[in-house]
Amino acid sequence: MYAVIGGSGLSKLPGFQLERRQVFRTPYGEPSGALMFGHLADEEVVFLARHGYGHTIAPHQINYRANMSALSQIADLDGILSVASVGGIRPDLLPGQLLIPDQILDYTSGRPSTFFEGSAQVEHIDFTWPYDQTLRSGLRAAADAINESVVFGGCYACTQGPRLETAAEVKRLARDGADIVGMTGMPEAALARELNIPYAHLALVVNSAAGVGSSAQEISHAQIAQVVAAGMSRVMGVVKSMIQLHRD
Ligand code: HPA
């Protein structure tokens, strides 16, 4: 079974038939909410809203370890499809574009970001390619199957938030090699790797990053809301397609 982690704009899964909610206890505290078990496209799926079901948890306050620890308790978990809203840094990554990144730059600070603490035996996990390549290819095939265009590859920069970046910060991210910017990709991806859970991101560009293109002067929240509304149904199309291909 796949887990879907929904980000901003996806605190519910359209078409998801909920069967049971289960509250997981973890040594790291409380996850963002109960895990929702049910069916999507006739396949078993578990869903978690990263920011909580009322979208009340800020990116830096999400208990990423509790979320991942809870998901890791599911016996037949095949992988995590993590949905994220991002800003487009590369000028061709316009609002509405879907992207399956292959790299990460981490600019977060102060977030508990490892399970290797206390008495745990330290392991320096390999993170050269932070996303699971099989899941990434699966997402691409899923998008192709429904004629949805996605950019395959790109570098996701994770900032601390919750404020958006300055134009100068985005210029620096671009110089560093980042293509998109979000606030929740880390430490989520690293924790998944520590637990050996295949993990991939499906990102929806919801705005041009600060200082880029139509965001030269400011980032319009009204415009973001429009892009999210239209874009998340396309994200869901890809997720459903992925789940159907997984079954076939
Ligand atoms: N910056 C950081 N995170 C984001 C953005 C952005 O421009 N858009 C959506 N999430």
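Helices (H or I, at least four residues) and strands (E, at least two) are DSSP runs, numbered from the N terminus. Everything below comes from a predicted model, where local features need pLDDT of at least 70, side-chain atom pairs count only at pLDDT 80 or more, and totals for chains, interfaces and linings use all residues. Residues are numbered from 1 along each chain as its sequence is written, and side-chain values use heavy atoms, with hydrogens and water left out.

**View 1**
Ser85, Val86, Gly87, Leu164, Glu165, Val181, Gly182, Met183, Val206 and Asn207 do so, where a residue is near a molecule or strand if one of its heavy atoms lies within 4 Å of it. From Asn207, a polar side-chain atom sits 2.6 Å from a ligand nitrogen. The side chain of Glu165 puts an N or O atom 2.7 Å from a nitrogen atom of the ligand. Gly87 uses its backbone instead: an N or O atom there is 3.3 Å from a ligand nitrogen. On its own the ligand exposes 260 Å², and the protein buries 91% of that; accessible areas come from the Shrake-Rupley method with a 1.4 Å probe, and for residues only the protein chains shown count as cover.

**View 1. Strand β11 and its two partners.**
Buried means under 20% relative accessible area, exposed over 50%, and partly exposed in between (1.4 Å probe, protein chains only). Two strands pair if DSSP finds at least two bridges between them. Strand β5 (residues 79-88) runs parallel to β11, joined by nine bridges, and Ser85 has Leu204 as its bridge partner. Strand β6 (residues 98-100) runs antiparallel to β11 with two bridges; there, Leu99 stands opposite Ala203. Tyr199 also belongs to β11, and it counts as buried because its relative accessibility is 2%. Its C-alpha atom is 15 Å from that of Arg65, 134 residues apart along the chain.

Six of the seven residues of β4 (residues 43-49) are buried, so the strand is largely enclosed by the rest of the structure. Strand β1 (residues 2-6) runs parallel to β4 through five bridges, with Ile5 partnered to Leu48. Strand β3 (residues 35-40) also has five bridges to β4, but runs antiparallel; Gly38 stands opposite Val45. As a reminder for reading any such view, side chains in a regular strand alternate between the two faces of the sheet.

β3 and β4 make a hairpin with two residues between them. Ala41 lies in that loop, with phi near 50 degrees, a positive value in a residue other than glycine. Ala41 counts as buried because its relative accessibility is 18%. Asn196, in the loop between α4 and β11, is not a glycine either, yet has a positive phi of about 65 degrees. Asn196 counts as exposed because its relative accessibility is 67%. For context, most residues other than glycine have a negative phi, and most peptide bonds are trans.

**View 2. Two cis peptide bonds.**
Going from Gly161 to Pro162, the peptide bond is cis, with omega near -5 degrees. Pro162 sits in the loop between β9 (155-158) and α3. The bond from Met186 to Pro187 is cis too, with omega near 10 degrees, and Pro187 is in the loop between β10 (180-182) and α4 (188-194).

**View 3. Helix α5 and its kink.**
Helix α5 has 27 residues (221-247), which at 1.5 Å a residue should span 39 Å; its end C-alpha atoms are 38 Å apart, so the two agree. The expected span is 1.5 Å times one less than the number of residues. A kink of about 30 degrees is centred on Gly231, the bend at a residue being the angle between axes fitted to the seven residues ending there and the seven starting there. Among the buried residues of α5 are Ile224, Val228, Gly231, Val235 and Met242.

Terms used: Polar contact = N/O pair within 3.5 Å; in protein donor to acceptor, adjacent residues only side chain to side chain.
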